[in-house]
Protein chains: 2
Amino acid sequence: MPKSLSIPTLDDVARAAGVSTATVSRCLNAEKKVSENTREKVMKAVDALGYVPNFSARAMAAKRTYTIGAIIPTMENAIFARGLQAFQETLHEQGYNLLVSSSAYRPELEAEQIRALVARGADGLLLIGYEREQSVYDYLEKRGTPTILAWAYQSNKTHPSIGFDNRASMRMLADRVISMGHRRIAVISGITDGNDRAEERLNGIKDSWAANGFNLDDLPIIQTPYEIESGGAAFADLMAAPQKPTVIMCGNDVLATGAISRAKELGYDVPSDVSVTGFDDIELAKHLHPPLTTVHVPHGEMGRTAAEELIKLIDGRTTSVRRQLNVSIVMRGSLARP
Amino acid sequence: MPKSLSIPTLDDVARAAGVSTATVSRCLNAEKKVSENTREKVMKAVDALGYVPNFSARAMAAKRTYTIGAIIPTMENAIFARGLQAFQETLHEQGYNLLVSSSAYRPELEAEQIRALVARGADGLLLIGYEREQSVYDYLEKRGTPTILAWAYQSNKTHPSIGFDNRASMRMLADRVISMGHRRIAVISGITDGNDRAEERLNGIKDSWAANGFNLDDLPIIQTPYEIESGGAAFADLMAAPQKPTVIMCGNDVLATGAISRAKELGYDVPSDVSVTGFDDIELAKHLHPPLTTVHVPHGEMGRTAAEELIKLIDGRTTSVRRQLNVSIVMRGSLARP
DNA sequence: TCCACCCATGCAAGCGCTTACATTTACCAA
DNA sequence: TTGGTAAATGTAAGCGCTTGCATGGGTGGA
């Protein structure tokens, strides 16, 4: 009975090609050290058998997987899609694969998934933001797994990271809003607990507000999950106040989408009744009506750079990276003078 | 020099606990067959060393990974997000992990990723739709990897699948549109080449159109990628015709989003100048302005069921599944009488 | 013609686990 | 006390690959 009915292994290929397994292995990996003649024989056998190397066996023997793990807070909306796409494409060009999982913004789930990815032999990891337990960093350190943080950059942190300054960026936008004459600002923030990006963005607004001589007590803030519905609900709450805000600054574009949608339902015109701003500049932002004024984040560049630097880290071609990217304000129709 | 500096293995744990590796292994897997006493000792050692089992080694020895692979056409937009989320949650409840990759709607990439996932030892696979080369199915068959298809259901196909009838669903919507009095319909379809769902949806519209006694030559159709921008561009093209359509039926909600956005830019009012319909009922649909009339797909149920049935397939508790889910039309503001 | 080298190849030792099978231990009935 | 049985544990053989080292054959210089 031919063995061909079961899954072919290196051994099968070697036997079929009349060489040793070592030779087959070398054919499949290092291009060199095998004569043209032999390689041809081997490749023919590989094709004939439909051989595909067993990943686990390879990982075990080589202690290298050419796999990168990424854990993002959510796949539900497009916040991370563009950046991750670029990350993945760059990785792919360099012969790496990407394993993605989502933590649903839950730190304990993130920790679990980090362990799972490391256990799977990920050569490196991409994580979002800084905030996580020290024990997680210790674990990564101990296992020697190169890790790069993205979507955030804080000059006082030393961990390899590629991102932008959420705080300064949001402050820039808030300054702009205030300079346009707005004096009644309300904020729909993401949940800051366990999310340094959300916290920094909120702080950016507070910075601006305070620096312009206003009282933080006069700055209504609602924290709510990054979902369209929540943004809508928060909008309704904020507009129910006796002193209606003239502008609502949202922690990201998803919340802003909800706010604008709800504004329409409630009969408010944006921006003449109330302005709305976002953050991230997801693709949808410019297609909202009115188009959303927001902070443009260079997602593609961030993903690409993160991939390149992470691979350097893995190859030992560098020991640390810290790169700050520039964001810009995109003025669109959703923001006007009060 | 203590070995604790390097990554702890089963051996280390066994030594620390004063038992054999077999016992430790049994502790970590089958709950039974180990005395309470021993288990405690072992667990203590595990904690102390911070031991995490090596996934590859485990996969190799056990020939089982408790990992499911899913390949979806895109992560860029939310089409698959809800369904995948439910799929993943159900899997997780049953102790399985999910590996996701995206094929960017490219069959050859999908084939490559299928091989990669199988090589990684995926116990089962989730794929979208029916259309792929026979060789891919043969490969899966040969490797004995259980595979379930989702997001589509065709009664004439026998492969395990869980989905809905794209053709009948879209036809239902088209019938409705026509019954409202529309006689000038234009279609923005996804690229049908290599995408059976897109093709079926388009066929559904054609079915209805023909069944109502109209000529297929009078049905303008543009095929374009599932992107907001493309939807917008297609909309502009269709409206540039001498005979403007009274309704534009889109292959999915993403295209419809682009169409509505572009309509505003061009100064058309939806639905009084032109109606727009979508398909999928992504979260955004109801937040568009006007809210989008579309076909509601039970994504959550589909994901959940797919997970359950796939696991049954893997466990050999069943040999085949074919389940058709019901969709429904959601009437919202974007569709009105001409 | 001979020797030193180098390149292509083979040999075999793991990588860290699981599990069939063997062994030991504990306990109970006779 | 002793034999028998079942439960707990240990032994060791792989799982499919990579890679350091050994080997052998071919090449070119003297």
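Reader: In which hand does helix 10 of chain B pass helix 11 of chain B?
Author: Helices (H or I, at least four residues) and strands (E, at least two) are DSSP runs, numbered from the N terminus. A crossing is left-handed if the near helix is turned anticlockwise from the far one by less than a right angle, and right-handed if clockwise. By that rule, the crossing of helix 10 of chain B with helix 11 of chain B is right-handed.

Reader: What should I know about the origin of the model and its numbering?
Author: The model is predicted, and local features need pLDDT of at least 70, side-chain atom pairs count only at pLDDT 80 or more, while totals for chains, interfaces and linings use all residues. Residues are numbered from 1 along each chain as its sequence is written, with chains lettered from A and ligands numbered from 1 in the order in which they are written.

Reader: How are helix 10 of chain B and helix 11 of chain B oriented to each other?
Author: Axes are lines fitted to C-alpha atoms, for helices over the stretch in contact, and angles run from 0 to 180 degrees between N-to-C directions. For helix 10 (residues 228-239) and helix 11 (residues 253-265) of chain B, the axes come within 7 Å and cross at roughly 55°. Angles under 35 degrees count as roughly parallel, over 145 as roughly antiparallel, 65 to 115 as roughly perpendicular and the rest as oblique. Helix 10 of chain B and helix 11 of chain B are therefore oblique.

Reader: How many nonpolar, polar and charged residues does the contact of helix 10 of chain B with helix 11 of chain B have?
Author: Two residues are in contact if their C-beta atoms, placed from the backbone, lie within 7 Å. Among those taking part are Phe235(B) in helix 10 of chain B and Leu255(B) in helix 11 of chain B. Ala, Val, Leu, Ile, Met, Phe, Trp, Tyr, Cys and Pro count as nonpolar, Asp, Glu, Lys and Arg as charged, and the others, Gly among them, as polar. By class, this contact of helix 10 with helix 11 of chain B has 8 nonpolar, 6 polar and 2 charged residues.

Reader: At what angle do helix 5 of chain B and helix 12 of chain B cross?
Author: The residues that meet include Phe87(B) in helix 5 of chain B and Met302(B) in helix 12 of chain B. The crossing of these two helices is right-handed. The axes of helix 5 (residues 81-93) and helix 12 (residues 299-315) of chain B come within 7 Å, and the crossing angle is roughly 35°.

Reader: Which strands stand at the edges of the sheet in chain B?
Author: Two strands pair if DSSP finds at least two bridges between them. In chain B, 4 strands form an open sheet with parallel pairing, in the order 7-6-8-9. Each edge strand has a single partner, so one side of each lacks a neighbour in the sheet; these are strand 7 (221-223) and strand 9 (275-277) of chain B.

Reader: Which strands of chain B does helix 8 of chain B lie across?
Author: Helix 8 (residues 166-179) of chain B runs at about 175° to strand 8 of chain B. The strands it lies across are strand 6, strand 8 (247-250) and strand 9 of chain B.

Reader: Which element gives the largest share of the side of chain A that touches chain B?
Author: The contact takes 33 residues from chain A and 33 residues from chain B. On the side of chain A, the elements giving two or more residues include helix 5 (81-93) and strand 2 (97-102) of chain A. The largest share, 5 residues, comes from helix 4 of chain A.

Reader: Which residues come nearest to DNA strand C?
Author: A residue is near a molecule or strand if its C-beta atom, placed from the backbone, lies within 6 Å of it. The surface near DNA strand C has 13 nonpolar, 11 polar and 3 charged residues. Of the 27 residues around DNA strand C, the nearest are Ala22(A), Leu10(B), Ala22(B), Ser25(B) and Ala61(B).
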